[in-house]
Amino acid sequence: MTLSREIHLKSRPSGVPTADNFEIVRVDLPEPAPGQVQVRNTWMTVDPYMRGRMNDVKSYAPPFQLGEAMQGGAVGVVMASNDPSLQAGDLVQSFFGWREAFNAPAGAVQKLETHGLPPQAFLGFAGMPGLTAYVGLLRIAEMKAGDVVFVSGAAGAVGSVACQIAKLKGHTVIGSAGGAEKAAFLKEIGVDHAIDYKAEPDITAALLRAAPEGIDVYFENVGGAHMEAALMAAKPFGRFALCGMISEYNNTDLGKGVRGLVMAVGKSLTLRGFIVSNHTDMQAAFVKDLAGWVAEGKFKHVETVKEGIEAAPEAFLGLFKGENLGKMLVKLS
């Protein structure tokens, strides 16, 4: 038997989750059955979309079940294999995060070729968050030459990649983030105008100062006042890629709404929501572009790392407090 610890959803939150909604459970894993592998995770990710899965409602991903281990992206090492497709020592990626180790069918994990990148990069800028930024800008918002691009949550996992892709494609980029450290980071990655919404709480005024002639593209990560600012600053025929609205995820009152939505009519705006899993056909192009940017030293990334499986709930809750700079990750022993 192999001892593992995993995080279960103990109760469903109402509003902002708390540590009491989670529990750490010890489990014993037997030897892998025929066709299975046993994997010990080395890294796991926490992401804002997981908040929606804590609710017992139908959505694009099924809800987490009470009393069962949660799920999420992870990278780990095969400890034992009972399938010829994988061997002990292979590095793999899976959706069996929130646990130290697990048994699973070999087909449920993917052998990971790092191409010289650190393994955890495939949970961040080289993985789903990076592809989300790429899809949102190039397919959903259809960036065009000369566009002014506004990215909210710009110092986060998706936003920081979106800012850099837009700059590498030759656009003027405005990014918003909370706090002087994050604003300074935005300047480091080439953002033309960094808005610190904690120092400048009137986001609309700050955005209009940064883009007096308006914005062409808005990459939406936050919602609320950021969306209202983007509506006010948008040029006619502006395009909005709606990736997420983290400021809304813990709301229990859905009647508040976004002010100024009527602007979408008068300005003929395109507002398009998207889920990255519906656009995996762009993966090859993304990897090719990213590999080139990394090789040329044109791409920067940063991570916020918590240590140990017991820190996973704290890391997840920290997303909603703006505690992460870049990708929030949990390093497992």
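The following dialogue explains several terms applied to this predicted model.

User: Why is the pair of phenylalanine 22 and tryptophan 98 called stacked?

Analyst: The ring centres of phenylalanine 22 and tryptophan 98 are 6.0 Å apart, and their planes meet at 5°. Centres within 6.5 Å make a pair, and planes under 30 degrees apart count as stacked; therefore this pair is stacked.

User: What makes this pair a link between distant parts of the chain?

Analyst: Phenylalanine 22 lies in strand β2, whereas tryptophan 98 lies in the loop between β5 and β6, and 76 residues separate them. Both residues are buried. Together with Phe316 and Phe320, Phe22 and Trp98 form one aromatic cluster.

User: Why is the pair of tyrosine 218 and phenylalanine 240 described as edge-to-face?

Analyst: The centres of tyrosine 218 and phenylalanine 240 lie 5.3 Å apart, with 80° between the planes. An angle over 60 degrees counts as edge-to-face, and the pair is therefore given that name. Tyrosine 218 belongs to strand β11 and phenylalanine 240 to strand β12.

User: How do you know whether tyrosine 218 and phenylalanine 240 are buried or exposed?

Analyst: Buried means under 20% relative accessible area. Tyrosine 218 has 0% relative accessibility, so this residue is buried. Phenylalanine 240 has 1%, so this residue is buried as well. Tyr218 and Phe240 are included in a core of 21 residues, along with Ile203 and Ile215.

User: Why is helix α6 said to be largely enclosed by the rest of the structure?

Analyst: Helix α6 spans residues 225–233, and seven of its nine residues are buried, so the description applies. Among the buried residues are His226, Met227 and Glu228.

User: What makes the contact between aspartate 47 and lysine 327 a salt bridge?

Analyst: The closest N and O atoms of aspartate 47 and lysine 327 are 3.1 Å apart. The limit is 4 Å, so the pair qualifies as a salt bridge. The partners are 280 residues apart in the chain. Aspartate 47, at 7% relative accessibility, is buried, and so is lysine 327, at 5%.

User: Why is glutamate 314 called partly exposed, whereas glutamate 100 is called buried?

Analyst: Glutamate 314 has a relative accessible area of 45%. Buried requires under 20% and exposed over 50%, so glutamate 314 falls in between and is partly exposed. Glutamate 100 has 8% and is therefore buried. Glutamate 314 meets lysine 306 in a salt bridge at 3.5 Å, while glutamate 100 meets arginine 5 at 3.0 Å.

Notes: Residues are numbered from 1 along each chain as its sequence is written. This is a predicted model: local features need pLDDT of at least 70, side-chain atom pairs count only at pLDDT 80 or more; totals for chains, interfaces and linings use all residues. Side-chain values use heavy atoms; hydrogens and water are left out. A nonpolar core is a set of buried Ala, Val, Leu, Ile, Met, Phe, Trp, Tyr and Cys residues joined through side-chain atoms within 4.5 Å. Buried means under 20% relative accessible area, exposed over 50%, partly exposed in between (1.4 Å probe, protein chains only). Helices (H or I, at least four residues) and strands (E, at least two) are DSSP runs, numbered from the N terminus. A salt bridge is a side-chain nitrogen of Lys or Arg within 4 Å of a carboxyl oxygen of Asp or Glu.
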